[in-house]
Amino acid sequence: MTARWLPRSIRARLTLWFAAAIAAILLAYAGGAYLFLRNNLYRQLDLRLHDDLEAVEERIGLGADGRIAPIGHTDAADQDEDEQGRRWLEVWSLDGELLYREGPEEVTLPPPGTPGRTLHAGGVETVRAGATAPLRVRSAAYGLDGTRVVLRAVRSEARLRHELAEFLGGIGLGLPAAVLLACVGGYLLADRALSPVGRMAARARTITAQRLGERLPIENPDDELGRLGTVFNETLARLECSFESLRRFTADAAHELRTPLTALRSVGEVGLRESRTAGEYREVVGSMLEEVDRLTRLVDALLTLSRADGERVEIRPQRLELRQLAREMADYLDVLADEKGQRIVVEGAKGVYVEADPLVLRQAVLNVLDNAIEYSPEGALIRVLVRRSPGEAVLEVIDQGPGIETEHWERIFERFYRIDRARSRETGGAGLGLSIAQWAVRAHGGSIEVESRVGEGSCFRIRLAPAPQGSDAETPG
Ligand code: ADP
């Protein structure tokens, strides 16, 4: 979520953040420099005051009248106006009486405060005296010709403060200018970095369902935008693929639906062409119903697949004994096998359990078994073998049909794929049975494959995750 007060464009936001960061860094830096400078200036001033106190013996002494008086030269040059300002000196008695003073007359310093503070050696403080700039005062205890006194060396902070003010003035002018420059630089940089986004957006706008083959321009696949573009392009490729298979599915479905409809129509037309006996009409209606059956099966299969595609089929797993399930399916299709004089035998391990939705898994076994009956010759034997292999529950449907050439092994699971269209049409298949079987098995996390020898037969193998062995392991099959 973006705060409401932030600008909407990333470019402006980046610029703002960048400028804020630069301003914060510069402020911190300037603050540090200011403190460093201030410290240095005070140290220098304090050192001078220290020197002033050290040199006091050369400047004053006790006069003949017992009062403190300057000694040596006291001319203007000796007033020692150096770059730190004019120096002052005060001598106070321990009981707070001003004994001697050397400095501008117009300024009077307050007497030293409590003895604990300024009458002790080494104390330095800043004192405000009237309208002048603050004064830096250093005090020290001193023995002047045997008398204990307090010396105070004083210098004005005017110059120091002036220098600090100049520094702050420089910062005050320079900092906004630097931040402004950072804003401009940041904006240009952000503009440059984000320029591919504009190009990508312009191209993305032109991509429609009819132009899914187009891709976004990618300038550098390794940077963030490049990676985003690559992901987008991959998504487009997947979309294109889905669109294409949907288009193919619709076209194939329409084609498959048209065949029985045409047959239905022509049977009807032929039936109506001349008057017929009741028996002949019955035959015509029978053929028409056969086509309707074919249509119904096809529509059912299409419906199953479209539900599967939309992931609208809810899998409700329950514990199933695989051999029992195989037995049920074999019984269900026995009538069909009987018609062709075929025999279905269910064999293999009992007590192989899986967690599966019986309705869905039945569709898989049913389609495979139905194919085995369909494509095996009359009188053939169809075996359904259940076994357990490490980490798997396996169900195999082995037939004695024509077999499938290796090149078709993968493709027969595709929708509408039939090896021999003409022959398959006779048997009524639309090439959807194995697609449904594959979906049903995969919906349970399993897999289905075929192994076959042309002229000998095929083996369709369904592999599923086994359910843990329960106490009710042995169920008659
Ligand atoms: P159909 O409805 O046509 O049977 P399927 O998806 O079930 O469609 O099967 C696809 C194709 O695979 C079939 O058209 C057929 O050519 C081939 N096929 C499937 N099962 C067998 C089998 N047991 N033996 C030989 N060919 C088979």
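Among contacts in the protein chain between residues at least 6 apart in sequence, what percentage join residues at least 24 apart? The figure is 63%, with a contact meaning heavy atoms within 4.5 Å. Before going on, note that this is a predicted model, where local features need pLDDT of at least 70, side-chain atom pairs count only at pLDDT 80 or more, and totals for chains, interfaces and linings use all residues. Residues are numbered from 1 along each chain as its sequence is written, and side-chain values use heavy atoms, leaving out hydrogens and water.

The protein chain has 10 helices and 15 strands; these are DSSP runs numbered from the N terminus, helices being H or I with at least four residues and strands E with at least two. Of its 477 residues, 36% are buried. Buried here means under 20% relative accessible area, exposed means over 50%, and partly exposed is in between (1.4 Å probe, protein chains only).

Let's start with the helices. Helix α4 covers residues 158-206 and includes Arg161, which is partly exposed at 33% relative accessibility. Leaving aside residues up to four places away in sequence, Arg161 touches Tyr42, Thr126, Arg128 and Pro134. Further along, Asp191 forms a salt bridge with Arg11, with the closest N and O atoms 3.2 Å apart. A salt bridge needs a side-chain nitrogen of Lys or Arg within 4 Å of a carboxyl oxygen of Asp or Glu. Because Asp191 sits in helix α4 and Arg11 in helix α1 (residues 10-54), the pair ties together parts 180 residues apart in sequence.

Now for the strands. An open sheet is built from 5 strands, in the order β10-β12-β13-β15-β14, with mixed pairing; two strands pair if DSSP finds at least two bridges between them. At the edges are β10 (343-348) and β14 (447-453), each pairing on one side only. Within the sheet, β12 (residues 381-389) and β13 (residues 392-398) run antiparallel, joined by 7 bridges.

Arg383 and Glu347 meet through their side chains at 2.7 Å, N to O, linking strand β12 to strand β10 across 36 residues. Arg461 does likewise with Glu449, their closest N and O atoms being 2.8 Å apart. Since Arg461 lies in strand β15 (residues 457-464) and Glu449 in strand β14, this pair ties together parts 12 residues apart in sequence. Arg461 is buried at 9% relative accessibility, while Glu449 is partly exposed at 25%. Both belong to one network of salt bridges with shared partners, together with Arg387, Glu392, Glu396, Glu451 and Arg463.
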